[in-house]
Amino acid sequence: MSDITRLACQALDAQDSLAPLRGQFSLPAGMLYLDGNSLGPLPSATAARVQAVVTGEWGQGLISSWNSAGWIDRPRLVGDKIARLIGAGPGEVVAVDSTSINLYKVLAVALALVREGAPGRRRIVSERDNFPTDLYIAESLARQHGCDLTLAGADEIEAQLDDSVAVLMLTQVNYRTGRLLDMAALTARAHAAGALAVWDLAHSAGALPVDLRGAGADFAVGCGYKYLNGGPGAPAFVWVHPRHAARMDAEARWQPLSGWMGHATPFDFTPGYQPGAGIGRFICGTPSAISLAALECGVDTLLAAEACGGLAALRRKSLALSDLFIALVEQRCAGHGLQVQTPREHARRGSQVSLYLDPADGDAYAMVQALIERGVIGDFRAPGILRFGLTPLYLGFAEVWDAVDHFAQVLASGQWREPRFSRRSRPSHRTTVT
Ligand SMILES: *Cc1c(COP(=O)(O)O)cnc(C)c1O
């Protein structure tokens, strides 16, 4: 194959109907940001919106803003917007708490729903390489319920599903490898085995079209600060299939974190808990009004794509960007031992590309640091993974070309061997949080 030129990439940018969406972001000049899978960038609208919430709604409106500015409704309103990105209906999603906390709530409910009728089902099944917080939360619930957590490789999950399983808990896109699991197929397998399926959409919501209802999933959670661009520590979200929400209503069923904001009538201040209707009971404490304003701005950057093809168009561009990235890495970065770890099949990959370098062949950490110094922001996962998020909302084809050009220079010159790049004294945020 002949070399891909920067000119050819510029031509792709010129034809890209999604290119104007980049104008929604304030990215530092000269930076090539390939880490939106870890922390989405700042939308241009966010600063003014947060300022208005702080000085106007809080500063002037004070306590009346819970109603007059709609703070109290914000978890549901932002939840309804997120629902449009994940194949859920209005009234099915709330934006609250963190992914970890939301996972705790839904996993506990899923365990209870299955095990009340079948106490012999004692296993939670997940993927061995799932993001650690998901596994830690599952571990805690397994202890409390007298259950076991079974961890399997991505290709061995199905084989684990039998009549001893209560819940299958998976992350749709793996944070290290970028591998995309088949939600519909695995959910169907879980159901056929009599188990429920809980999905974490941390690396798929806003990254690709997700169809929770179509897949028949039971519960889902996801992250606000990655592809949803909601800002550091943004509220996460939680979804419950309407069939379970209806059953929870009929049985006045609780989720374990029975805080007052999930009560049926919080402002009656009654001493006894009564769960609110539907997804409402999954709200726990007082919603974070300022953070929700920022999250809404982030979600709006994705909804803005609806005018030009929505998530389907974003997905096409994401795959084209990552195909380009892989092709360029193979052309220009060969001979250094780098392997493409992300599956090449479109149906099996999310919106990131992970490369793997055996530590015996070189220091992937130092390579990432050398790239960061050049303004190419990717990240590193031990022992040898280089992760690059290819986010179509604000990345173009020529930028992918430029990023790989820097990478080729770092490798060819051996610049990554300079001692300052391998120093790990100051653990950066990017090396500790997905
Ligand atoms: C990023 C991420 C989280 C983050 O959880 P927090 O509670 O926000 O810290 C959880 N699960 C997965 C799979 C993630 O990728």
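A: A contact here means that heavy atoms lie within 4.5 Å. With that cut-off, residues 24 or more positions apart account for 73% of the contacts in the protein with a separation of 6 or more. The model is predicted, with local features requiring a pLDDT of at least 70, side-chain atom pairs counting only at pLDDT 80 or more, and totals for chains, interfaces and linings using all residues. Residues are numbered from 1 along each chain as its sequence is written, and side-chain values use heavy atoms, with hydrogens and water left out.

The whole comes first. The protein has 14 helices and 13 strands, these being DSSP runs numbered from the N terminus (helices are H or I with at least four residues, strands are E with at least two). Its radius of gyration, taken over C-alpha atoms, is 22 Å, which agrees with the value near 22 Å for a compact globule of 434 residues (the globule rule is 2.2 Å times the number of residues to the power 0.38). Along the principal axes, the C-alpha atoms fill a box of roughly 70 × 55 × 45 Å. Of the 434 residues, 57% count as buried, where buried means under 20% relative accessible area, exposed means over 50%, and partly exposed lies in between, with a 1.4 Å probe and protein chains only. The accessible surface comes to about 17200 Å², and carbon and sulfur atoms hold 55% of it (areas by the Shrake-Rupley method with a 1.4 Å probe).

H9 spans residues 242-250, and its buried residues are His-244, Ala-245 and Met-248. These residues cover an arc of only 105° around the axis, so they are on the same side of H9; the arc is that of the directions from the helix axis to the C-beta atoms. This can be set beside a general rule: an α-helix has 3.6 residues a turn, so residues three or four places apart point the same way. The cover over the buried residues of H9 includes helix H5, strand E6 (196-200), strand E7 (219-222) and strand E8 (236-240). Just after H9, Ala-252 takes a positive phi of about 50°.

One of the covering elements, H5, can be followed through Val-106, which is placed in that helix (residues 99-117). Why does Val-106 count as buried? Val-106 counts as buried because its relative accessible area is 0%. Leaving aside neighbours within four places in sequence, Val-106 is in contact with Val-198, Phe-219, Val-221, Val-238, Val-240 and Phe-282. The C-alpha atoms of Pro-119 and Val-53, 66 residues apart along the chain, are separated by 48 Å.

Phi of Asn-229 is near 60°, a positive value in a residue other than glycine, and Asn-229 is buried, since its relative accessible area is 2%. As background, most residues other than glycine have a negative phi, and most peptide bonds are trans. Leu-62, in the loop between helix H2 (46-60) and helix H3 (65-68), has a positive phi as well, near 45°, but Leu-62 is partly exposed, at a relative accessible area of 49%. The peptide bond from Ala-382 to Pro-383 is cis, with omega near 5°, and Pro-383 is found in the loop between strand E12 (379-381) and strand E13 (385-389).

A helix elsewhere in the chain gives a further view of a buried position. Ala-293 lies in helix H10 (residues 289-303) and counts as buried at 3% relative accessibility. Not counting residues up to four places away in sequence, Ala-293 touches Arg-49 and Val-53. Ala-293 and Thr-46, although 247 residues apart in sequence, are 7.8 Å apart in space, C-alpha to C-alpha.
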